[in-house]
Amino acid sequence: MAGLAKAALAGDVRAAAQLMRDLDDRQPGALQELRELYPATGRAYVLGVTGNPGTGKSTVVDWLIERYRRQGQRVGVVAIDPTSPFSGGAILGDRIRMQRHSTDDGVFIRSLATRGHLGGLSRSTHDVVTVLDAMGNDVVIIETVGVGQDEVEVVAAAHTSIVITVPGLGDEVQAIKAGILEIADILVVNKAERDGADRTVRDLQGMLELRPREAPTVEVLRTVATRGEGIDELCAAIERHHAGVGAAQAAARRRQRAFAEVRDALRERLLEAAAAAAGPGGLEAIAAEVAARRTDPYSAAERLLAALRGTDPPRGAGGC
Amino acid sequence: MPERKIRILIAKPGLDGHDRGVKIVARALADAGHEVVYTGLHQTPDMIASAAVQESVDAVGLSILSGAHLTLFPAIIEALRSRGAGDVPVFGGGIIPDEDMEALRAAGVAAVFKPGTTTTDIIKWVEANVRPR
């Protein structure tokens with residue numbers, strides 16, 4: 001559909017929503033619309049919120065929306081839930097915790113399903129953030145799917161990443177193992193009224209002390225999001241992180257974000273091109289050959305790359 | 001490779017708090033491979049319409065067990081219209097007497113599922129009548 005980008009820029013909410021849909025469904029023409037929006041973006045402050053399932057991410061996001069709205073800032077939210085690998089369907093339920101903002105015209109909430117994408121985001125997350133940014137939202141909050149140890153992609157998408165945990169999820173070793181803790185700019189222990197909250201905070205702080213001396217400061221905060229407790233402190237910590245990120249670091253993050261966008265776009269295009277170059281039967285036919293052990297995955301990939309280049313695959317290892 | 005999914009908003013308007021049935025329907029639609037945006041209990045017509053627009057859904061499914069269906073269905077269809085989304089089909093289910101069916105159809109409700117409807121019937125109807133926008 002033509003003209004969605006222009007309409008979205010002019011404040012047409014339906015057009016913006018339809019464009020998000022077209023991007024998520026990879027409809028022809030959607031990327032051209034996105035290109036038109038891109039120059040109008042880069043102004044929103046992007047917050048990432050991640051953590052295990054059931055730690056209260058949506059409830060914390062609900063409060064962050066409330067605080068930003070109080071300051072008169074416009075807020076966009078991308079809330080991601082998993083697609084079932086078995087049925088291909090999804091239940092997107094993050095809006096339930098954010099209901100009180102649903103008729104506020106200064107808040108736009110969009111639910112996305114991962115649709116097979118790993119890493120905590122969905123394939124179209126970057127694109128939907130771009131649309132929310134272009135719509136003039138001052139803040140965009142990305143709530144990742146709650147898988148636990150792997151949703152590290154959000155770092156590249158956000159200016160500030162908040163990792164939420166709760167008491168009693170496991171001991172110190174568990175905390176170290178979870179790679180998500182390395183991505184946190186701010187750590188939040190939610191449901192802090194529960195037993196073991198002090199221990200969890202101590203464990204996290206202990207872990208942070210093991211990092212190299214020059215590692216950036218990571219604050220550990222407590223919240224009871226269902227009662228709105230600790231939210232002011234969280235907002236202050238976000239501000240401090242925002243202010244503390246030097247120009248050089250901010251530029252590095254911008255490049256990191258751009259890199260992730262380029263990589264995702266390239267990956268998708270390459271896969272499409274390879275599927276087109278694979279000949280009759282497409283990638284499925286080649287996968288069947290691998291499954292039958294007639295070839296191996298690496299040789300199959302080499303063959304596809306060669307088909308893309310229009311050359312024969314390399315013979316032998318080359319060199320000595 | 002465009003991969004289109006049907007996206008459906010499932011909501012419970014009004015004051016009744018019985019969400020067991022609506023959750024079963026939401027689950028069944030997801031298990032059938034569709035994307036379901038579930039917004040939970042106690043939704044006002046305007047909340048439902050706003051969510052339907054922001055989520056660009058292909059249909060809105062409602063569960064009404066309170067007896068207020070003759071008020072709520074038309075109010076939600078009107079709320080969708082006033083947000084420029086009058087083309088989004090609305091269907092629903094609940095405890096709805098036969099004599100009210102005609103009035104609901106006249107108000108623009110695309111389908112009404114009565115108690116005893118199987119989830120298979122609902123999925124069949126959705127797949128026959130709802131297209132990705």
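This is a predicted model: local features need pLDDT of at least 70, side-chain atom pairs count only at pLDDT 80 or more; totals for chains, interfaces and linings use all residues.
A residue counts as buried when its relative accessible area is under 20%, as exposed when that value is over 50%, and as partly exposed in between. Take A:G310: its relative accessibility is 63%, so A:G310 counts as exposed.

**Where the two chains meet**

- Chain B brings 37 residues to the contact, and chain A brings 32.
- The size of an interface is often given as the accessible area lost when the parts come together.
- Here, the area buried between chain B and chain A is about 2900 Å², and carbon and sulfur atoms give 43% of that.
- Between chain B and chain A there are 5 salt bridges.
- One of the salt bridges joins the side chains of B:D58 and A:R21, with 2.8 Å from N to O.
- You'll also find 26 residue pairs in polar contact between chain B and chain A, counting pairs where both residues have pLDDT 80 or more.
- On the chain B side, the elements that give two or more residues are α1 (20-31), β2 (35-43) and α2 (45-54).
- Which of them gives the largest share of that side? That's β2 of chain B, with 9 residues.

**B:Q54, reaching across to chain A**

- B:Q54 sits in helix α2 of chain B.
- Is B:Q54 buried or exposed? Its relative accessibility is 6%, so B:Q54 counts as buried.
- Leaving aside residues up to four places away in sequence, B:Q54 touches A:A17, A:R95, A:V107, A:F108, A:I109 and A:R110.
- A polar atom of the B:Q54 side chain lies 2.8 Å from the backbone nitrogen of A:I109.

- A:L266 belongs to helix α10, and with a relative accessible area of 49% it is partly exposed.

- A:G310, the exposed residue from the opening, lies in the segment after α12 of chain A.
- What separates the C-alpha atoms of A:G310 and A:A277? The distance is 9.4 Å, although the two residues are 33 residues apart along the chain.
- For A:A134 and A:A5, 129 residues apart along the chain, the C-alpha atoms are separated by 9.0 Å.
- A:A134 lies in helix α5 (residues 125-134) of chain A.
- With 6% relative accessibility, A:A134 counts as buried.
- Not counting residues up to four places away in sequence, A:A134 touches A:L9, A:L37, A:A40 and A:T41.

- Most residues other than glycine have a negative phi.
- A:R26 has a positive phi, near 55°, and is not a glycine.
- You'll find A:R26 in the loop between α2 (13-24) and α3 (30-37) of chain A; at 13% relative accessibility, it counts as buried.
- B:S56 also has a positive phi, near 35°.
- Look for B:S56 in the loop between α2 and β3 (59-64) of chain B; with a relative accessible area of 5%, B:S56 is buried.

How values were computed:
Residues are numbered from 1 along each chain as its sequence is written. Chains are lettered from A and ligands numbered from 1 in the order in which they are written. Side-chain values use heavy atoms; hydrogens and water are left out. Helices (H or I, at least four residues) and strands (E, at least two) are DSSP runs, numbered from the N terminus. Buried means under 20% relative accessible area, exposed over 50%, partly exposed in between (1.4 Å probe, protein chains only). Contact means heavy atoms within 4.5 Å. Buried area is the accessible area (1.4 Å probe) that two parts lose on being put together, summed over both. A salt bridge is a side-chain nitrogen of Lys or Arg within 4 Å of a carboxyl oxygen of Asp or Glu. A polar contact is a pair of N or O atoms within 3.5 Å; within protein, one must be able to donate a hydrogen and the other to accept it, and residues adjacent in sequence count only if both atoms are side-chain atoms.
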